[in-house]
Amino acid sequence: GDAGVVAAAKKGEEEERPWKCCDFALCTRSFPPLCRCMDKVEQCAATCESCEPATSDSSHRVCNDWYHGFPG
């Protein structure tokens with residue numbers, strides 16, 4: 001939730017994205033933005049710290065990590 005957003009905002013430096021690629025990103029309007037990838041995948045990337053079941057389809061997963069920067 002909000003704690004992840006605040007922690008990501010305080011880092012202020014380039015970090016490795018918690019996902020390999022992202023087709024559907026949810027981002028803030030800040031610059032650079034805080035983004036979360038909403039892609040439903042069978043398995044999250046190894047860099048994802050918070051991999052949870054998708055709400056609409058429990059057979060897929062969503063990485064709930066926030067990333068400080070553009071989604072890629």
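This section describes the disulfides and aromatic pairs of a predicted model.

Four disulfides are present in the structure, and the bonded cysteines, counted along the chain, follow the pattern 1-4, 2-3, 5-7, 6-8. One of these links connects Cys22 and Cys37, with an S to S distance of 2.3 Å. The torsion about this S-S bond is about 105°, so the disulfide of Cys22 and Cys37 is right-handed. Cys22 is buried at 11% relative accessibility, and Cys37 is buried at 4%. Cys21, by contrast, is exposed, with a relative accessibility of 52%. The closest cysteine sulfur to that of Cys21 is in Cys37, at 7.2 Å, which is too far for a bond.

A further disulfide joins Cys48 to Cys63 (S to S 2.2 Å). Cys48 is placed in the loop between S2 and strand S3 (51–53) and Cys63 in strand S4 (residues 61–63), so this pair ties together parts 15 residues apart in sequence. Both cysteines are buried, and the link is right-handed, with 110° about the S-S bond. Cys44 and Cys51 are likewise joined, at an S to S distance of 2.1 Å, in a right-handed link with 80° about the bond. Here Cys44 is buried at 14% relative accessibility, while Cys51 is partly exposed at 27%.

Two aromatic pairs were counted. In one of them, the ring centres of Trp19 and Tyr67 lie 6.0 Å apart with planes at 75°, so the pair is edge-to-face. Both Trp19 and Tyr67 are buried.

Conventions: Residues numbered from 1 in each chain as written. Predicted model: local features only at pLDDT ≥ 70, side-chain atom pairs only at ≥ 80, totals over all residues. Heavy atoms only, no water. Phe/Tyr/Trp six-rings, centres within 6.5 Å; stacked < 30°, edge-to-face > 60°. Buried < 20%, exposed > 50% of the residue type's maximum accessible area, 1.4 Å probe, protein only. Disulfide = S-S within 2.5 Å. Helix = DSSP H or I, 4+ residues; strand = E, 2+ residues; numbered from the N terminus.
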